[in-house]
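Please examine the protein shown below.

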Amino acid sequence: MENQSRENNGIPPKNRSVDALTNLATRDVFQVILEWESVRSRRYGTSFTLILIQIDSFSLYREQNGISQADRVLKEAAKIIKQKIRRCDIAARYAEGIFAVILTNHPAEPPYTAVDRIWSDFEDFTRGEMTLSAGVSTCPRDAVYGDILIQKAHESLAKAENGMVNSVSFHREGGLSVSGKKPRIMLVGNAGQTNTTVTFLEIANPGCEIIMVSSGDEVLLAADTMDISLVIIDHVLSRTDSYEICRRLKEREDTQGIPVIILTGSNDRRDKIRAIEAGADDFMVAPPERDELTARVESLLKRSSLNKKLTSIEHVLVSMANTVEAKDVYAQGHSLRVADMAVTLGKKMELSEEEIDALRLGGILHDIGKISVPGEILNRPGKLTPDEFEIVKTHPDVSCNICLPLRKSLGLALDVIRYHHEKLDGSGYPDGLKEDEISIIARIAAIVDIFDALISNRPYRNALSREEAFAVLQKEANEGKLDKTIVGHFIGMIGRS
């Protein structure tokens with residue numbers, strides 16, 4: 001059914017993949033797309049160009065004219081860029097006053113041609129009072145990896161910026177450096193009674209910033225407004241307060257990944273159990289031994305850093321999934337619909353909580369591999385050629401490879417991501433699995449995915465009715481391609497909704 005599944009919907013409002021001011025892709029999403037465009041280049045021998053376009057002296061302009069006027073210029077510049085690049089190209093807001101563009105070579109186009117079109121309209125808008133500079137790097141000529149391409153484009157942008165107005169420059173050798181942020185430790189306790197702990201932390205972790213708070217409300221407020229790497233709750237608070245603060249942190253989705261150490265004046269076994277029940281990551285008797293505190297803090301700071309990276313990657317993956325749908329004009333909203341229907345069906349079939357979570361995440365991410373499929377293939381009206389369909393069929397494998405670094409947190413969702421196009425008779429892809437080789441969650445995802453494709457409009461046909469889509473599912477079930485029992489549950493569920 002993949003040849004008929006280029007679905008029709010839009011980017012959800014307030015999506016993390018889109019910059020709120022300019023309506024272009026965000027920087028995080030763009031960097032991931034850039035890396036996977038470079039993967040596609042290495043795999044298929046394609047080429048593309050990265051351009052960084054800077055509004056010259058933008059910070060000075062903002063200071064002189066105010067934020068509102070500066071935002072107006074950014075919005076207009078973004079609008080011009082979007083209008084002057086092709087549908088197969090990608091644009092993002094990269095930094096303050098800087099935009100990033102990927103020009104795919106379908107067909108090949110000199111980068112300065114696109115830049116000239118943008119410059120011309122931008123000059124008309126600003127009446128020649130503002131100028132642009134651009135830095136260019138090309139894959140694979142200049143580099144084959146995304147981060148190196150960005151570095152080359154930055155270097156050429158610096159060269160252009162130091163040259164004439166409205167100038168474009170290609171890369172030259174050089175390097176860039178990026179500085180990291182200091183970990184921030186929040187120590188919860190009464191001032192003057194936590195001196196020993198503060199001293200140990202300052203000696204053991206001189207690169208850390210220590211924030212002192214004295215109550216549960218302050219903890220939650222600070223966690224909402226600051227990037228906290230570790231929380232240490234000192235024994236000077238009452239036991240009830242210590243455990244309640246920890247519990248409240250761990251119950252909230254946005255703070256549950258922050259490691260928590262509870263310090264107590266008692267080594268009572270019951271206190272350890274209460275700390276574990278509250279969700280504490282560690283429990284120590286106060287005053288702690290300096291070496292022991294140092295070791296445990298270092299360990300938990302590493303865990304905190306990993307948690308933040310994983311959370312960030314998960315957000316980027318979801319944003320990428322939405323960006324893929326923006327790239328495929330016939331697939332907007334498809335992933336969320338598949339996820340919602342799959343979760344509802346899984347609950348109806350009384351699957352485990354782990355399987356329900358896998359259907360939700362897998363449904364959202366199952367088509368993320370289409371980022372490696374050229375936009376002109378995804379958006380072409382009419383039936384794909386056999387060669388084009390073979391390219392589309394690679395997307396489950398690409399999806400799985402993108403998500404594989406998060407296999408511990410995604411778990412069973414990888415089954416949905418990789419196997420949602422497998423068929424019980426072995427006619428599916430990418431691995432040609434049969435019968436019991438296909439998990440129940442992958443079978444559910446396959447049925448829901450086909451149904452949503454059938455009831456969506458196509459450039460070569462109108463959407464089918466529910467009854468017509470049900471008939472297709474039943475036919476494939478009778479042919480031994482889809483699970484008859486699950487198809488029955490699904491039709492019963494949708495038919496009553």
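**Briefing on a predicted model**

Met 130 is buried, with a relative accessible area of 7%; buried means under 20% relative accessible area, exposed over 50% and partly exposed in between, with a 1.4 Å probe and protein chains only. The structure is a predicted model, in which local features need pLDDT of at least 70 and side-chain atom pairs count only at pLDDT 80 or more, while totals for chains, interfaces and linings use all residues. Residues are numbered from 1 along each chain as its sequence is written, and side-chain values use heavy atoms, with hydrogens and water left out.

**Surroundings of Met 130**

- Met 130 lies in the loop between α4 (111-126) and β4 (132-139).
- Leaving aside residues up to four places away in sequence, Met 130 touches Ile 55, Tyr 61, Val 73 and Phe 122, where contact means heavy atoms within 4.5 Å.
- Met 130 and Ile 55 are 75 residues apart along the chain, and their C-alpha atoms are separated by 7.4 Å.

**The whole protein**

- The protein has 20 helices and ten strands; helices (H or I, at least four residues) and strands (E, at least two) are DSSP runs, numbered from the N terminus.
- Of the 497 residues in the protein, 51% are buried.
- Among contacts with a separation of 6 or more, 69% come from residues 24 or more positions apart.

**Helix α1**

- Helix α1 (residues 27-44) has 18 residues and spans 25 Å from its first C-alpha to its last, close to the expected 26 Å; the expected span is 1.5 Å times one less than the number of residues.
- The buried residues of α1 include Val 29, Phe 30, Ile 33, Leu 34 and Trp 36.
- Just after α1, Gly 45 has a positive phi of about 75°.

- Helix α18 has 15 residues and reaches 22 Å from its first C-alpha to its last, close to the 21 Å expected.
- Helix α18 is mostly covered, with 14 of its 15 residues buried.
- The axes of α18 (residues 440-454) and α19 (residues 466-478) come within 9 Å and cross at roughly 140°; axes are lines fitted to C-alpha atoms, for helices over the stretch in contact, and angles run from 0 to 180 degrees between N-to-C directions.
- That angle makes α18 oblique to α19, since angles under 35 degrees count as roughly parallel, over 145 as roughly antiparallel, 65 to 115 as roughly perpendicular and the rest as oblique.
- In α18, Ile 447, Ile 450, Phe 451 and Leu 454 meet residues of α19 including Arg 466, Phe 470 and Glu 476.
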